[in-house]
Amino acid sequence: MRAFLLWLILMLASPCGMAIDAARGIHQLQHTRWTASDGAPDDIIVMTQGHDGFLWLGTHAGVRRFDGLRFEPVRARQGSFPDTVALALKRAADGGMWIGWQVGGISHVKDGVVRNYAEPQGVQAGAIWGFAIGGDGAVWAAGVSGISRFDGRRWQAMGPAQGYTAQKASAVFADRDGRIAVFSENGLFMWQATQSRFAPPIGRLDLRAPPQQGPDGRIYLLEMRGIRIIESLERYEQLDHRWIYRDTSGTSGSMLVDRAGTLWFDSQYGLHRTRSAGALAPGQLGISSDTESFLPRDGLSNVLVGSMCDDNEGNVWVATYGGLDRFRQAAPVVLRTRAAPGVAEVFRTQEMLAGPAGAMWLSRDDVLGPLLLARADGTVLRAPRLGPVSAILEAPGGLWVAARAGLQQLAGEDGRVLRTIAYPSGAAAVKRMRAGVLAPDGSIWGVFSGAGVFQYRDGAWRREPLLPDGGAKVPLALLADAAGRLWLSYADGSVAMLEKGRLHAFGPAQGLDLGKIPMLIEYHGQVWAGGQRGVALWRGGRFIALRSEPASATEGVVGLLRARDGSLWLNHGSGAAQIPAAQVDLALRDPAHAMRATSYDAVDGLNGSIGMLHNRSVAEADDGRIWFSRQSATFWIDPRQALAASPAPRVEIGALLADGRRVDPPASAGLQLAAGTRDVQFHYNAASLGTPERLQFRYRLDGYDTQWQQAGGRRLAQYTGLGPGSYRFELIAANGDGVDSTVAQLPFRVLPAFYQTWWFRSLCAALLLAAAYGAYRWRLRQHAARLRVRMEAQQAERERIARELHDTLLQGTQAMILHFHNASMAIAEDDPARAAMLRALDDADRMLGEGRDHVHDLRAGDDGGARWSAILRREGERLAAQHGIVFRYAEEGEARMLHARAAHEIYRIASEALRNAFQHARAQVVEVAVRYARGGIELVVRDDGQGLPPVVAANGQIPGHWGMPGMRERAARLGARLSVDGRDGGGTQWRLRVPARRAWPAAHGPLRRWWQRWRRSGVEDAAP
C-alpha cells in the first residue's frame, strides 16, 4: 500500500498531469512539426520533460532542450559530460535529470552542475539503455552490462550475489506497487523494495522496450511480435488479451500510454492511436480496426519513430528520424473528412447553416463540394449536386440555397430540390445572389452582386424604392428582425432600417462608428452590428459601442453570433473570440465595461484569412457546438468541454552578460560582478510547450526599477548605467490562460571601483571640507583685513573729531566759564544775580564734563553698554537736586552688558523722559525702574505729577516740540516698544520694552561658544 501511494504521488506530481481527451480523433488534434529547417535534430533517440518544464532530447550530438520555440544544447556550468550519445533520460527526484550514455556511464545534471558516475562509482561498463525509480526511491539503470542501483549515495552493480544472473538488462520498469522488473535474455527478474535480492527469473521472453502502465493498472507490453496487454508482471508471457498490434517485421520500437489510457505506438507505416484492449484474432497480423493512424501524408515528419512522451499540458510528442512532432488538444477542432469520395480533405467553407442532429450545412461558391451536410467528426451526410452555392437561407423544414440556376428550396431530410425561383431580370447580368434573408411575413430579401436589393413577394421580385438609390445600392449585410424591420449595412459604414414604410439612417451621430459593417444579427429583440472597429448594440434609437479586453477580440469583425446561452462569438481577421454571457451582461449594464474575451488564433491552428463578405461564417449547431468558417478551413468549438487551464509555466534565468561577458552564478556564494560593471543583460526563458507563443513575461530589477516592466514575449532584459550595490533580478511568466509562474530571482552585487568605495568618497569629502575650511579661513582673513582698514579709518576720524572738539569747543567753553566766574566774583554775595550765575556755571561745568566724556568715547570707542545705567542714575540725581524733587532708582534682575547702540538709545529715551518729568510734571517724586529679564530689558519712568496735557494725550506731542517724536523714533530704530499713559491717582508713566535679541548679545551653548571663538580666531589670526 505504501508503494502504491508513492506511485500515485509521483504520477500526480509528474509533468504528465493532463491528457488529451480520448474522444478526440487524432486528426482533430492540432499537429505541429519541427524539422531540420526549424533547428530540430533529426536523430532524437530519447526524450522526456524535465522538472524545468523543457523537453529534454537525447541525440547523437548530446542532450538538447526545447521550449516549444527554440532548440538549445544543455550546457554544463560546472563539470562536463563524458559522452555525446545519450540513450536514456529520467527525471530525478531532486529536480535534476539522469542521463545514460552510450559510452561513459551515467550523469546527473541539475542547474548546470554535472556529476558523473562510471565503473569506479559502481556503474557497470557499456551503454545505459534506461532508468526506473522504485518504490523506495532508489534509481535503477539498465544497460548492456546488466543492472545497477543507486541508493542516494552510491551506485551498486547487481550480480549473482543479489540474485541477478543475466548478462544484460534490456529494459527496467517500476510498476505502481513499487516493484522493479528487469527484462533480460534470461527472462524477467523482480525486486521488491523490502527485499535485498532478486526473485528467481520468470519466463524466457526478452523485451525491446520497458512496459507502460495505464491509469487502470493494466500493463502494456511491447515485444518483438507486437503490443498486447497483460494483467500482471508475473503473467507477462501469457496471452491474457488479444493483440492490439502484431507484425513479424519487428519495426515497432516505441509506445506511449497517456494519462487518459490511450495507447500511442508506431509501425513501419507511421503513428497510431487506439483505445482498444486488443481485437486481433490469434495469428492475425496488423492493427486493431478501431485504431487511428497519422502517416507522413498527414504531415508526420517521418515514417520512422524513435521516441514518444507526453508533457504536463497533455501534449503528445513524437520524435522521428525527420524531426519532432507535437499533437495538442486545442479548443478549435479543424473539420476534416473521413475519406468521403469526391470531397476535399479539409472543408473550406464560405457560409453555414445549422442542420439536424448537430450537423451543419456548408456551402462554397465553387465546384469543389459546393454544398455539404456534415457532422462534427467530418462525416458527410449529404452532398447535393447543385453547382456553386453563393448563399444559404433558412426555410421551414429545410433551406434555401442560391445556386447558379436560381434560388432553390431544399428539403431538410434528404436535400431534394423542392422548387426553384428564377432571379430577377435586373440581376440577370451576374446571376449571383450573394446574401439573403427570410422575413417574418414570408417574403425573401436578396442582395445581388452588382444589382442591389430585391424583395420576392407574392411570386414576383420587386424593388423597394425607399431604400438608398431605390435599392440599387449594394449592402454588405442584411437582417430581417422579428419585428418586421429590415436592416442593411453599407460600405460607407452607415446602416439603414426600413420600418413600416419609413427609412431610418444611422451613422456617427447615432453612435455608429465601426467602419465597414459586414455583420448584423438579432438576439432576443436586440440588434447587434459587427464591423472593422468593433461591436455595437442598437438600443433606444441609437447604437452603443462595446469594449473588450483584449481590444483585438472585437476588431475586424466579419462574423457575429449570440449563442443560446447568451455568450458572444466573433470571427475576425486574426482568428476567433469567445465572450462569456456574464461578461456580455455586464457590458449591457455598463457599456464602459471591457468584456474579457478568450481568443483563438494561429497558435490554435486557425491559419488563413477571412473575407469581408464572409457573412454567415459563425453558426451554432443544435448540439451547442459553435462552427466557424475561414478561407482555409472550417472548425468548431464545443463550449461544453472547456479545456482546463494549463499549469503554471516554469521560468528560469539563464545567461547573464556583464559588459558583454558571460557570467555564470556560483553554486553557493552570491554572484558578484566586477568593479566598474555598467551594462547587464539577462537572458531568460520559460517552458509552456503547448502555447509558448502566448507566454508573457514581466520583470524588475530590485534596487533599480520602481515597478514591474512588461516584456511581452521578449526573452531579454537589459540595464545600463548600474552603480555599485546589491540588486535582485525578478522574473514572472504568465501562460496563455493567464496563470502566473512563481517568481524567479537572481541576486547579485556589483562591486565598487576604488573611486566608488565609501572610504574614497569619505576621503574626497574630507578633502573638500578641508578645501572649504581653507577657503573660509582665507575669506575670514580677507574680511578681517578690510574690517581692520575700515576700523582704523573710523578710529582715525573719531580721533580727529575728538581733537577738534577738544581744541575748539571744549577749550572755548572752559575759557568762557572762567570769564563768567571772574565776572560773578564782582557781584555782591547777597545779590540774587550772583546765585543764579553760579548755578549756570555749575550747569556749564556739568555740560563740559559730558563733553569731555563724549570726546573720551570717541577716542576710546563706545563702552556705554556697561555704563549707561550709572550715567542715567547720576542724571536723575542731578535733576532731583536741581528741582528739589525726590528721585528713586531701582534695578531688578541680573544686569547685562548691552549692545553699545542699544545702551545709547535707551539712555537717550530715558533721559528725555526724566527731563520732561522734572521740568513739566510738577511732581513730588520721580522714579526710574530697570528690570532685566530673559526676554529683554524693561525701563519705566514714572512721576506723581499732573499727568499728560490734553494736547499731548490727543496728538502724542506738543506742537512745535520734537522731544516725544524723537523718543518714538529711537524706540522704532531699536525695535523696541515705547508707551506712555496716565497713572491711577495722577501722574505719567513711560514704559520701554527692548527684546533680548536687540538689547544684548545672544547667549550660546558650549559648542556654539567654541564655534564663535574659532571664528574669532580666524579674524584674530588675520589681524596684525
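Helices (H or I, at least four residues) and strands (E, at least two) are DSSP runs, numbered from the N terminus. With those labels in hand, let's begin with a loop. His524 sits in the loop between strand S46 (519-523) and strand S47 (526-531).

Before going on, a word about what you are looking at. This is a predicted model, in which local features need pLDDT of at least 70 and side-chain atom pairs count only at pLDDT 80 or more, while totals for chains, interfaces and linings use all residues. Residues are numbered from 1 along each chain as its sequence is written, and side-chain values use heavy atoms, with hydrogens and water left out.

Most residues other than glycine have a negative phi, and most peptide bonds are trans. His524, though not a glycine, has a positive phi of about 50°. Its relative accessible area is 69%, so His524 is exposed (exposed means over 50% relative accessible area, buried under 20%, partly exposed in between, with a 1.4 Å probe and protein chains only). Asp469 also has a positive phi, near 55°, in a residue other than glycine. Asp469 belongs to the loop between strand S41 (460-462) and strand S42 (477-480), and counts as exposed at 62% relative accessibility. As for peptide bonds, the one from Glu549 to Pro550 is cis, with omega near 5°. Pro550 is in the loop between strand S49 (542-549) and strand S50 (557-562).

Is a loop residue such as Gln28 buried or exposed? Gln28 lies between helix H1 (2-13) and strand S1 (30-35), and Gln28 is buried because its relative accessible area is 16%. Leaving aside residues up to four places away in sequence, Gln28 touches Ala23, Val333, Ala376, Asp377 and Trp636 (contact means heavy atoms within 4.5 Å). Val333 is 305 residues from Gln28 along the chain, yet their C-alpha atoms are separated by 5.5 Å.

Next, look at a sheet. Four strands form an open sheet in the order S34-S35-S36-S37, with antiparallel pairing (two strands pair if DSSP finds at least two bridges between them). Strand S34 (389-395) and strand S37 (417-421) are the edge strands, each pairing on one side only. Strand S35 (residues 398-403) and strand S36 (residues 406-411) are joined by 6 bridges in the antiparallel sense. Ala403 has Gly406 in S36 as its bridge partner.

Finally, let's go inside. A nonpolar core is a set of buried Ala, Val, Leu, Ile, Met, Phe, Trp, Tyr and Cys residues joined through side-chain atoms within 4.5 Å. The largest one here has 39 residues, and the members that touch the most others are Trp868, Ile906, Leu914, Ile937 and Leu939. Among the elements giving two or more residues to this core are helix H5 (864-883), helix H6 (900-920), strand S69 (936-943) and helix H8 (963-974). H6 supplies the largest share, 10 residues.

Which residues does Ile906 touch, not counting residues up to four places away in sequence? They are Trp868, Leu898, Ile937, Leu939, Leu974, Leu992 and Val994. Apart from this core lies another, of 27 residues, including Leu673, Ala686, Ala717 and Val750.

In H8, the residues Met964, Pro965, Met967, Ala971 and Leu974 are buried. Just after H8 comes Gly975, with a positive phi of about 75°.
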